[in-house]
Amino acid sequence: MLKSYKELFYDLNNHKSLLFHLTKRDITSKFKGSYAGLAWSFLNPLLLLTVYTFVFSVIMKAKWGLKNEGNLDFAIVLFAGLIVFNMYAEATNRAANIFNDNKNYVKKVVFPLNILPIVIVNSSFFTGLISYIILLIALVVFKHTLHPDSIMTVFLIIPIYLMTLGVTYFISAIAVFVRDVGQVIAIFNMAFMFLSPIFFPMERMPKNFQAIASYNPIAYIVTQVRDSLIFSRGFDWTGYFIAVLTSLVIFVLGFLVFSSLKKDFADVI
């Protein structure tokens, strides 16, 4: 097992330019041939935000419990949660097809397969970064405030990245042998989104489920982003270290499965 992690660090150190090139190509390929191009990175989250806000705030009259809360407040809080979840969901939804769509790389003995899952995770996090910038602009323009603890949200990239990469490694490896994994993951991520505190605060979950949800890194990160950026509640370091530890375990297990199966990829694809 230790040999596999040494190989991963070797690939990251010796193939940095390849990783950058593939990530850049993956980002640009999403919008290749479209008139708006990279602008869709801004437009997509805003369009989804508009739809969700209209359905949950205008039609269903959902509220976060803020003082003098308006539809704009609901939109900003919802957007913060969607940013976190969409970074995870975009990468894991694509993970099932990454090796089937890149058979030429799998057939090359010298190609570092370890970096392909990293490419789609980096690509999804680039989109998340753009959405995060939009959120900061919205807070400054419409709320005229930015809490000093906002800078602490930078640290949250560690647990969400580790978790996403671990799950991406796991899914991409299993999907080579079981093609139905992609369909299952799409359904799972949809359920996962509604079971995480994206559209509601953690406090509204049943007490028994709150204890379970506390081990969900996404639930913590969504809550902490809102607390630091919007609610001015400070940074929960205890929860942070739990989230990092949980995400690290997910990464280790996901990469372990990937490393065990990748030697047979070329025979199956």
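A polar contact is a pair of N or O atoms within 3.5 Å; within protein, one of the two must be able to donate a hydrogen and the other to accept it, and residues adjacent in sequence count only if both atoms are side-chain atoms. In this predicted model, such a contact joins the side chain of Ser123 to the side chain of Asp26, at 2.8 Å.

**Around Asp26 and Ser123**

Ser123 belongs to helix H6, which covers residues 115–143, and its relative accessibility of 0% falls under the 20% limit, so Ser123 counts as buried. Once its neighbours within four places in sequence are set aside, Ser123 is in contact with Thr23, Asp26, Ile27, Lys30, Glu90 and Arg94. Two members of that list, Asp26 and Arg94, also meet each other through their side chains in a salt bridge, with 2.6 Å from N to O. Because Arg94 lies in helix H4 and Asp26 in helix H2 (residues 16–29), this pair ties together parts that are 68 residues apart in sequence. The two partners fall into separate accessibility classes: Asp26 is buried at 11% relative accessibility, whereas Arg94, with a relative accessible area of 29%, is partly exposed.

**The salt bridges**

| Salt bridge | Distance (N to O) |
|---|---|
| Arg94 and Asp26 | 2.6 Å |
| Glu7 and Lys262 | 2.5 Å |

Glu7 is partly exposed at 33% relative accessibility, while Lys262 is buried, with a relative accessible area of 18%.

**A polar contact from a loop**

Asn100 is placed in the loop between H4 and helix H5 (103–107), and a relative accessible area of 14% makes Asn100 buried. The side chain of Asn100 is joined to that of Arg179 by a polar contact of 3.3 Å. Leaving aside the neighbours within four places in sequence, Asn100 is in contact with Ala175, Arg179 and Ile269.

In soluble globular proteins, nonpolar side chains tend to be buried together. In this model the largest nonpolar core has 81 residues, and those with the most contacts inside it are Tyr88 and Phe99. Helix H4 (residues 71–95) supplies the largest share of this core, 16 residues. Apart from its neighbours within four places in sequence, Tyr88 is in contact with Ile160, Met163, Thr164, Val167, Phe188, Asn189, Phe192 and Ile218.

**Helix H3**

Helix H3 (residues 40–59) has 20 residues and reaches 27 Å from its first C-alpha to its last, which is close to the 28 Å expected at 1.5 Å a residue. Where does H3 bend? The bend, of about 25°, is at Thr53, and Thr53 is also one of the buried residues of the helix, which are Ser41, Pro45, Leu49, Thr53, Phe56 and Ser57. H3 is followed by Lys61, whose phi is positive, near 60°.

Key: Residues numbered from 1 in each chain as written. Predicted model: local features only at pLDDT ≥ 70, side-chain atom pairs only at ≥ 80, totals over all residues. Heavy atoms only, no water. Core = buried A, V, L, I, M, F, W, Y, C linked by side-chain atoms within 4.5 Å. Buried < 20%, exposed > 50% of the residue type's maximum accessible area, 1.4 Å probe, protein only. Helix = DSSP H or I, 4+ residues; strand = E, 2+ residues; numbered from the N terminus. Contact = heavy atoms within 4.5 Å. Expected span 1.5 Å × (residues − 1). Bend = angle between axes of the 7 residues up to and from the residue. Salt bridge = Lys/Arg side-chain N within 4 Å of Asp/Glu carboxyl O.
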